[in-house]
Amino acid sequence: MLVRIGMAIIVLSASVWAQVDSSGGATGSGSSDAGMLTPAPVSGEGYSIGFTSETRANYLRGGLTFSSAYDTEATIGTNGRAVSDASYSVWPTVSLDQTRSRFHWVFNYSPGFTFYQKTSALNQANQNLGINLSYRLSPHVTLNLRDSFLKTSNVLNQPNQDFAQPVSGSVFVPNESVIAPLADVLSNTANASLTYQFSPNGMVGASGTFSNLHYSNQAQVPGLGDSTSRAGSAFFNRRLSKMHYIGATYQYQNFLAYPTIGQSETTAHSVFLFYTLYLKPTVSISLFGGPQYSQTQQFGLPTMTGWSPAGGASMGWQGRLTSFALSASRAVNDSGGLSGAVEAVSATASLRRQISRNLSASVGGSYADNNMLDPLATFNTSGHTVSGSASVQRQVGEHFNVQLQYMHLHQSYSDVAVLSAVPNRDRVAVNISYQFSRPLGR
């Protein structure tokens, strides 16, 4: 599954966030069509499994989604057993995708409200916000800014989930594999990167990432806690030919976890070599690997240090009727709500297919094995997560569509009370949406 000595990941999610020139042609970070791409291991972006025919800029989109869902193990009852529940959600949505000669930005906002049939105490206004900006400071220097914010009582209940499992090929991806039952949660992830193409085939860059996970009511999630991660990196990227890119990156990471008692802090230093093969602009394969050194300090315990191999592999294929993405990696990562940083072995895959003009389907699956770095910790919350999902979407006329979704989630964390009580969840949802789009002036 994972090339254990650490080969990882990803194609370059062709950060062809591409500067678009005044005539509408896409370029990379340079000033001509020979502009370099930023490979996935260092781009900070995930793979798109939208179809190439759906890639359109300079549009304003909006709509309204009604969702009804049934969850077999939504939460824990007063008797300590799992309780099923039905929910009803309303999601207004607005999206803006705009390109100019020096910048490209995408804005998505979906506020909403969710009602629960049994656990009405969790009725909540939801917030889902995403911003992605690419700005060309000069012909050879590009700034990228990304931010996502989520406020919800159910992380499985989000608008526009047709794209199955998100897949990323980056060296560092925040750990989102630990999924609590119904619980009030706030999460935020931000990334900033700067790239400089200093020669026709050479590029350097630097980036910083911050992510935060906060449970508003700890009583809802016994055994889980808040976590924060920070990462900074620098890289060198060399284009050997139109198809072949190689490079190296250094990364510093700091992970904080807040279990029931005290605090756990881990710092990690990594050096990776990476390689990306572009079979064509929308099909790529990436590998990365190298050593990691970590140092973990938990409340009242001796400091733990160690070296470990890390790496991964990924592939992205974006076509007119079919899109596919796959990644696998092994690396030190944040706790994701567990009691300390983990060595995570993970794999994710997504497939989307246009069956007919008005019918599309997607499937996805993921696996994550989270092993705590400090086996002597008072709260050893190691375990694994397996999930699978499928959806079918039917377009009805110009503005309406109907979507049917199914997801199965299995989590095995024997020392986490809230997860051991609900190890398996099945969720079925039906979404009815009205959408419109308007072109923006160029």
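1. His408 has Asp426 as its bridge partner in strand 21. Strand 20 and strand 21 (residues 424-439) run antiparallel, joined by 11 bridges. Strands are DSSP runs of E, at least two residues long, numbered from the N terminus. Two of them pair if DSSP finds at least two bridges between them.

2. This is a predicted model: local features need pLDDT of at least 70, side-chain atom pairs count only at pLDDT 80 or more, and totals for chains, interfaces and linings use all residues. Residues are numbered from 1 along each chain as its sequence is written, and side-chain values use heavy atoms, with hydrogens and water left out.

3. Strand 20 also pairs with strand 19 (residues 383-396), antiparallel over 13 bridges. Met407 is the bridge partner of Ser389. Three residues sit between the two strands of this hairpin, and Gly397 takes a positive phi near 70° there.

4. In a regular strand the side chains alternate between the two faces of the sheet. Strand 20 (residues 400-412) does this. Asn401, Gln403, Gln405, Met407, Leu409 and Gln411 point to one face and are buried. Buried means under 20% relative accessible area, with exposed over 50% and partly exposed in between (1.4 Å probe, protein chains only).

5. There are nine aromatic pairs. Rings of Phe, Tyr and Trp (its six-membered ring) pair if their centres lie within 6.5 Å; planes under 30 degrees apart count as stacked, over 60 as edge-to-face and the rest as tilted. Phe172 and Phe255 are tilted, because their planes stand at 35°, with centres 6.1 Å apart. Phe172 lies in the loop between strand 8 (141-152) and strand 9 (185-199), and Phe255 in strand 12 (residues 244-258), so the pair ties together parts 83 residues apart in sequence. Both Phe172 and Phe255 are buried.

6. Tyr245 and Tyr278 pair edge-to-face, 5.3 Å centre to centre with 70° between the planes. Tyr245 is in strand 12 and Tyr278 in strand 13 (residues 264-280), 33 residues apart. Both Tyr245 and Tyr278 are buried. Elsewhere, Tyr196, Phe198 and Phe236 form one aromatic cluster.

7. Ser134, in strand 7 (residues 124-138), counts as buried at 0% relative accessibility. Ser294, in strand 14 (residues 283-298), counts as buried at 9%. Beyond its neighbours within four places in sequence, Ser294 is in contact (heavy atoms within 4.5 Å) with residues including Thr266, Met304, Val332 and Leu373.

Definitions and conventions:
Helix = DSSP H or I, 4+ residues; strand = E, 2+ residues; numbered from the N terminus.
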